[in-house]
Each structure stands twice: as C-alpha cells, then as structure tokens.
Amino acid sequence: MRSDSDEPHTLPSPASTPSALRRWAPLVILAALMVLVFSMGWHEYLSFKTIGLNYEALKGFIADNFIVAIFAYVLLYILVVALSLPGGLVMTLSGGLLFGWLAAAIATIFGATLGATVVFLIARTSFGEALAARAGPWLGKLRAGFQENALSYLLFLRLVPAFPFFVVNLAPALLGVPLRTYVVGTFFGIIPGTSAFAVLGAGLGSAVESQNAIYNACLTKHASNAASVCTYTIDTKALVTPELLAAFVLLGLVALIPVALKKWSKRNVNA
C-alpha cells in the first residue's frame with residue numbers, strides 16, 4: 001500500500017516562475033502605485049486651485065528653467081495617464097496656461113502617448129493575451145473585426161471624448177491591436193483635442209489672476225474660518241462646449257470613412 005508521500009510531486013518548471021514574475025510584476029507595481037497615490041491623497045493636488053495659487057511662482061520657475069520644467073511636465077503627465085489618475089483635463093489646461101499652447105500641446109501629446117503605451121503594454125503582457133486565449137469565439141470575432149480596421153477604430157475612440165481615456169488605453173490590449181498601430185493611433189488621435197484644450201488653457205491667465213485676487217481677499221476677510229467660507233473655483237467644465245464636442249465627433253466620424261468605404265466596396269463585389 002502506497003502512502004501519499006510516495007506519490008510523485010510535480011514541481012513548477014524553473015522557467016515558469018520567472019516568466020510569470022515578468023508577466024505580472026509590472027501590473028502589481030502599477031496597481032501598488034495607484035493605491036499609494038489615492039491613499040495618500042496626492043491626486044487631489046491635480047487641481048486648478050493648486051496651479052492657481054502657485055501661478056506666479058510656477059511662471060517664474062518656468063521662465064528660468066524651461067527645459068527642466070517641460071521635462072518635469074511630460075514625466076508628470078506620463079504618471080497621470082499610466083496610473084489612470086483624474087486630472088488629465090486640468091493638466092492640459094494648466095500646460096497651456098504655464099507654457100503657452102504650442103509647447104504645452106507638443107509636451108502633452110508625447111506625455112499622454114507614452115503614458116497610454118505603458119498601460120497598453122502592461123495590460124497586453126499581463127492579462128490581455130491570456131484572456132483572449134481563454135475567451136469564447138465571440139471575443140475572437142470581435143478581435144478579428146477590430147484588427148481589420150484597428151487604426152480607424154482607434155482614431156475614432158481617441159477623437160470622440162465620449163469614451164474615458166483609461167478605457168481606450170485598455171481595450172486595444174484586449175483586442176489584439178499591434179503596438180505600432182496603437183502608438184500611431186494614440187499619437188495622432190489626441191492631437192485635435194489636446195491642441196484645443198491647450199489653446200483654451202493659454203487664455204485662462206486673466207481668469208486665474210482674478211480668482212486669486214477674490215480668494216486672497218476672502219482669506220483676509222474671514223481669517224478665522226476661511227477654510228469653510230472661501231472657495232477657489234475655476235469652472236473648467238464650462239470650456240467643454242457642445243460645439244467643441246460636436247467638432248470632435250465629426251472628426252471621429254471622418255476617421256471611420258475608410259471603414260465604411262471598405263465595407264461598401266466588399267458589399268458591391270459580393271453583390
């Protein structure tokens with residue numbers, strides 16, 4: 001009679017553990033950083049109040065250290081996008097306010113593209129390919145249809161601001177979009193929106209200075225209970241007008257024209 005101890009034990013393959021570690025470690029690190037940022041409340045500093053109250057100091061620093069400041073801005077934007085932090089709109093508007101619309105637009109496009117690519121690579125490596133392998137045929141059909149016109153669909157998703165940025169970062173990883181297509185679609189797809197908001201941000205200087213004066217006067221008047229009485233408000237949502245959204249939607253529809261033409265030509269060939 002054999003005991004349980006006599007049964008052969010299957011040991012994990014020496015190559016499997018390092019492979020699994022390389023696969024999941026980036027996702028674990030990213031998740032840990034997200035938890036740390038939110039638990040410490042650091043994401044709350046991504047606000048126009050923070051930018052506005054330090055407006056003059058930031059402008060002075062940028063004037064003396066433009067290269068350092070622009071690289072710091074790009075790095076911060078990469079982190080904001082990679083960690084899916086709220087505040088992308090505030091960052092873009094603030095970039096236009098502090099650097100001017102052209103420099104801010106260029107820096108934001110590179111920062112957002114790099115941050116989104118980090119998310120894409122981590123998602124694809126950790127669970128994207130594994131999920132696709134285990135999913136049913138419905139996902140396979142969806143992946144095939146998306147991949148056939150991946151660039152057009154990705155441009156549409158990037159151009160139309162109806163879809164959360166972090167969702168558009170993740171979805172292509174699950175749908176098997178090639179890295180080059182993802183980077184190209186992201187880079188060019190965010191140019192119109194980024195440029196528009198950078199221009200809007202560049203025109204907020206007078207609004208920030210006015211709000212600073214109102215806020216400081218309130219602090220002086222209500223010194224004892226200023227925290228509960230004085231508010232710092234710049235309504236960035238008012239900048240996102242229906243006309244601006246309509247323009248983005250039209251651009252997104254333009255990106256789908258090649259898909260429509262391809263389907264139309266196939267239908268005519270088969271007819």
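The following exercises, each with a worked solution, concern a predicted model.

Residues are numbered from 1 along each chain as its sequence is written, and side-chain values use heavy atoms, with hydrogens and water left out. Local features need pLDDT of at least 70 and side-chain atom pairs count only at pLDDT 80 or more, whereas totals for chains, interfaces and linings use all residues.

**Exercise 1. Overall composition**

Task: State how many helices and strands the protein has, and what share of its residues is buried.

Solution: 
1. Helices (H or I, at least four residues) and strands (E, at least two) are DSSP runs, numbered from the N terminus. On this basis the protein has 15 helices and zero strands.
2. Buried means under 20% relative accessible area, exposed over 50%, and partly exposed in between (1.4 Å probe, protein chains only). Of the 271 residues, 36% are buried.
3. Contact means heavy atoms within 4.5 Å. Among contacts with a separation of 6 or more, 82% join residues 24 or more positions apart.

**Exercise 2. The surroundings of Ser94**

Task: Classify Ser94 as buried or exposed, and identify the backbone oxygen that its side chain reaches.

Solution: 
1. Ser94 belongs to helix H5.
2. Its relative accessible area is 5%, so Ser94 is buried.
3. The side chain of Ser94 reaches the backbone oxygen of Val90 at 2.6 Å.
4. Once neighbours within four places in sequence are left aside, Ser94 is in contact with Phe48 and Ile51.

**Exercise 3. The surroundings of Pro172**

Task: Determine which residues Pro172 touches, not counting those up to four places away in sequence.

Solution: 
1. Pro172 lies in helix H9 (residues 165–174).
2. Its relative accessibility is 1%, and Pro172 therefore counts as buried.
3. The residues touched are Phe120, Leu154, Val167, Val177 and Tyr182.
4. Tyr182 is 10 residues from Pro172 in sequence, and the C-alpha to C-alpha distance is 7.4 Å.

**Exercise 4. Aromatic rings**

Task: Give the number of aromatic pairs in the whole structure, and classify the pair of Phe187 and Phe188.

Solution: 
1. Rings of Phe, Tyr and Trp (its six-membered ring) pair if their centres lie within 6.5 Å; planes under 30 degrees apart count as stacked, over 60 as edge-to-face and the rest as tilted.
2. The search of the whole structure finds seven aromatic pairs.
3. The ring centres of Phe187 and Phe188 are 5.2 Å apart and the planes are at 80°, so this pair is edge-to-face.
4. Phe187 is partly exposed at 22% relative accessibility, and Phe188 is partly exposed at 49%.
5. Ring pairs also join Phe66, Tyr73, Tyr77 and Phe99 into a cluster.
6. A charge sits over a ring if NZ of Lys or CZ of Arg is within 6 Å of the ring centre and within 35 degrees of the ring normal. The charged end of Arg158 sits over the ring of Phe165, 4.6 Å from its centre.

Terms used. A polar contact is a pair of N or O atoms within 3.5 Å; within protein, one must be able to donate a hydrogen and the other to accept it, and residues adjacent in sequence count only if both atoms are side-chain atoms.
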